[in-house]
Amino acid sequence: MVVKKPRIVIIGAGMAGLTAANKLHTMTASKDMFELCVVEGGTRIGGRINTSDFGGDKIEMGATWIHGIGGSPIHEIAQQIHSLESDQPWECMDGNLDEPTTIAEGGFILNPSIVDPITKLFNSLMDHAQGKNLIDSVSDTEKSEHCSYYHKVAAKASNISAATSVGSFLRQGLDAYWSSGSSKEQEEDLKGYGKWSRKLLEEGIFGVHENIQRTYTSAGDLLSLDYRAESEYQMFPGEEITIAKGYLSIIESLASVLPPGTVQLGRKVTKIEWQPEKNHEPMNVENGYCSRPVKLHFYDGSVMYADHVIVTVSLGVLKAAIHQDSGMFYPPLPFFKAEAISKLGFGVVNKLFMQLSPTYERKDEHSRGFFPSLQMVFHSPHSEMRHKEIPWWMRRTATLCPLHNNSSVLLSWFAGEEALALESLKDEEIIQGVSTTLSSFLTHELYNVNVSSLDKSHAYDEVKISKVLKTQWGTDPLFLGSYSYVAMGSSGDDLDIMAEPLPKDESLASPPLQILFAGEATHRTHYSTTHGAYFSGLREANRLLQYYHCLEI
C-alpha cells in the first residue's frame with residue numbers, strides 16, 4: 001500500500017495558524033514535502049485580529065497595539081510591507097494622546113496635585129510586581145523623588161505582605177501609602193469638589209488604574225491575577241504603536257504566500273480523533289492509501305485525515321471543550337493538559353466605539369480636537385453619593401477617549417462582567433447609558449486649566465452619541481473570550497504544558513506529533529499578545545520541520 005506525503009492540518013487562520021502555515025510552506029515549497037491545509041471555522045481570516053472602519057476611521061475590533069517596537073517581529077513585518085503609514089486616519093494614530101483630563105463623578109476636574117501622586121504610586125507598584133529595574137525605569141529628574149518614595153512604598157508593600165494576587169498587592173500598596181501619612185501631608189482645601197474627600201478621590205483614582213490594568217490583562221478581577229507569575233511576562237522595549245493600514249495587513253501578508261485553496265473558510269471542526277496509543281485495530285484506508293492517525297470531523301458532516309494537526313483555537317474554546325464534555329477531543333485530552341487548560345485564566349475584553357453626533361462640532365477652529373481624553377473617577381457602586389442613573393456596567397470602565405486628536409469617534413474599554421453585559425445590550429441602551437454618564441461628568445464648562453487640549457469656551461454638556469459599535473468576543477463561539485492570563489492557582493509552568501504536543505509518551509509506539517498546540521496561551525513570557533501567537537506558530541512549524549529533518553536543531 002502506498003504511503004502519501006505527510007498531511008499537516010492547521011485549525012485556525014489567526015496569527016498563530018497563518019504564521020505556522022507561512023513557515024511550513026516557505027521552508028518546503030520547493031521540495032513539495034507536505035500537504036498543507038488551514039481550516040478556519042469563521043468566514044474570514046485573522047482570528048482575534050479584525051480591522052474594520054467606523055466613522056471614517058480605521059479601527060481594530062481585536063488586537064490593537066504593537067507592544068514595543070524593539071525586536072518585535074510584528075513591527076518588522078509592518079515595516080517590510082509598508083503598513084505603518086496611511087492616508088486614512090486610524091485608531092491611536094497619535095500614539096498615546098496628551099495627558100488625559102481626570103474628572104470625578106459630578107463634573108469635578110481634578111488637580112494634578114491629587115492625581116499625580118496616586119498615578120506614580122500605582123505605576124511603581126506595577127513596576128515592582130513585574131520585576132522591573134526600578135532605578136532604570138524612571139528618568140534622572142524623577143529618580144530622587146520617585147525612587148526614594150513611591151518605589152520604597154512598593155517595596156514595603158511587598159515585604160510586609162504575603163500577596164498571592166496582583167489585586168491584593170496593589171491594595172496593600174495603597175494601604176501602605178495611606179499609613180505613611182503622605183495623603184495627610186498633601187491635604188489641601190478640597191472646596192469645589194462637592195462631597196468628595198481626599199481619601200475617596202485617591203481611592204477612585206487608584207480604581208481608574210486598576211480598571212485599566214484589567215483591560216491590559218483580561219482579568220475581570222485583579223484578585224484573580226497571580227502575583228508570582230507577573231514578573232515572567234515580557235514586553236519588547238521601545239514605544240507602543242498601532243498599525244496604520246490595520247493589523248489585518250500583517251495577517252494578509254502572512255497568508256499571501258500560500259497557494260490558492262490552502263486556507264478553507266467556513267470549516268468548523270467539531271471533533272478531533274487521535275491515537276494516544278498504538279492502534280492495533282485494522283488500519284482505516286483513505287482512497288487506497290495508508291490511513292493517517294488523526295481524523296477531523298467538521299460541522300457539515302465531512303471528515304479529513306491528517307498526520308499532524310496544529311490546534312490554534314483560543315484557550316476559551318479549549319476550556320469549553322473540557323468543561324462541557326463537548327467531545328471535541330476523542331479520546332479526551334490527558335489529565336495534565338486538561339488541568340493546565342482549566343487552571344489558566346481567559347478573560348473577556350471588549351471595545352465600544354461611539355460616533356459623536358454630526359451636530360457636535362468644534363466651536364473654535366484652533367481647538368486641537370473634537371473631544372478631550374477623559375479618565376473617569378466614579379463613586380463606589382454602593383455609595384449614596386453616586387449618580388443612580390449611571391448603569392453599573394459603565395462604572396468600571398476607566399477612560400473615554402477620541403481615537404485620535406481629530407476624530408469624532410470615542411472609545412472605551414470594558415473587561416470582565418461588564419464586558420459580557422455590554423454584548424447583550426441593544427445599541428439604544430448603550431447610547432442611553434453612555435449619555436447619562438457623560439451628563440454626570442460634563443455638567444460644567446471645562447476650563448483650560450492644566451488641560452492643554454481643551455478650549456475654555458467649549459461647553460460639553462451638549463455631547464450626543466449618534467451610533468455605537470461594540471465587539472463581542474465573549475459570546476462568539478469561535479473565541480469565547482479575548483486573551484489569557486496567569487490566574488491564581490496556575491503558573492508559567494501551565495503555559496509550557498499548553499505548548500506540549502500529543503501524544504506525550506513516545507514509548508507507546510503511537511505515531512508522534514499527532515496534535516500540536518499554538519496560540520498566545522501557549523507562550524510562557526509573551527502570552528496575551530499577537531507576537532506571542534506569532535512565536536508559537538513558528539515554534540510548532542519548526543517542531544515539525546525538525547522532525548522531518550528540514551531544519552537543523
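A residue counts as buried when its relative accessible area is under 20%. By this cut-off, 16 of the 20 residues of helix 7 are buried, so the helix is largely enclosed by the rest of the structure. The model described here is predicted. Its average pLDDT is 87, and 82% of the residues score at least 70.

Helix 7 spans residues 198–217. From its first C-alpha to its last it reaches 29 Å. This is close to the 28 Å expected at 1.5 Å a residue. A loop then runs between helix 7 and helix 8, which covers residues 248–255.

Methionine 235 is found in this loop. Its relative accessible area is 41%, so methionine 235 is partly exposed. Leaving out residues up to four places away in sequence, methionine 235 touches His67 and Glu240. Serine 72 is 163 residues from methionine 235 along the chain, yet their C-alpha atoms are separated by 9.2 Å.

Histidine 75 lies in helix 2, which is made of residues 73–80. Histidine 75 is buried because its relative accessible area, 9%, is under the 20% cut-off. Neighbours within four places in sequence aside, histidine 75 is in contact with Ile66, Ile69, Leu84 and Ile241.

Aromatic rings were examined next. A pair of such rings is described by the distance of the centres and the angle of the planes. A search of the whole structure gives twelve aromatic pairs. One of them joins phenylalanine 54 and phenylalanine 353. Their centres are 6.4 Å apart, with 50° between the planes, and the pair is tilted. Phenylalanine 54 belongs to strand 3 (residues 51–54), and phenylalanine 353 to strand 16 (residues 349–356). The pair therefore ties together parts that are 299 residues apart in sequence. Both partners are under the cut-off for burial. Phenylalanine 54 is buried, at a relative accessible area of 8%. Phenylalanine 353 is buried too, at 0%.

A further pair involves tyrosine 534 and phenylalanine 535. The ring centres are 6.2 Å apart. The planes meet at 70°, so this pair is edge-to-face; the angle needed is over 60 degrees. Tyrosine 534 is buried, with a relative accessible area of 14%. Phenylalanine 535, in contrast, is partly exposed, at 25%. Elsewhere, ring pairs link Phe34, Tyr547 and Tyr548 into a cluster.

Charged side chains also sit over rings. Lysine 337 lies over the face of phenylalanine 517, 4.0 Å from the ring centre. Lysine 504 has its charged end over the ring of phenylalanine 336. Here the distance to the ring centre is 4.5 Å.

Note on methods:
Residues are numbered from 1 along each chain as its sequence is written. This is a predicted model: local features need pLDDT of at least 70, side-chain atom pairs count only at pLDDT 80 or more; totals for chains, interfaces and linings use all residues. Side-chain values use heavy atoms; hydrogens and water are left out. Rings of Phe, Tyr and Trp (its six-membered ring) pair if their centres lie within 6.5 Å; planes under 30 degrees apart count as stacked, over 60 as edge-to-face and the rest as tilted. Helices (H or I, at least four residues) and strands (E, at least two) are DSSP runs, numbered from the N terminus. Buried means under 20% relative accessible area, exposed over 50%, partly exposed in between (1.4 Å probe, protein chains only). A charge sits over a ring if NZ of Lys or CZ of Arg is within 6 Å of the ring centre and within 35 degrees of the ring normal. pLDDT is the predictor's confidence in each residue, from 0 to 100. Contact means heavy atoms within 4.5 Å. The expected span of a helix is 1.5 Å times one less than its number of residues.
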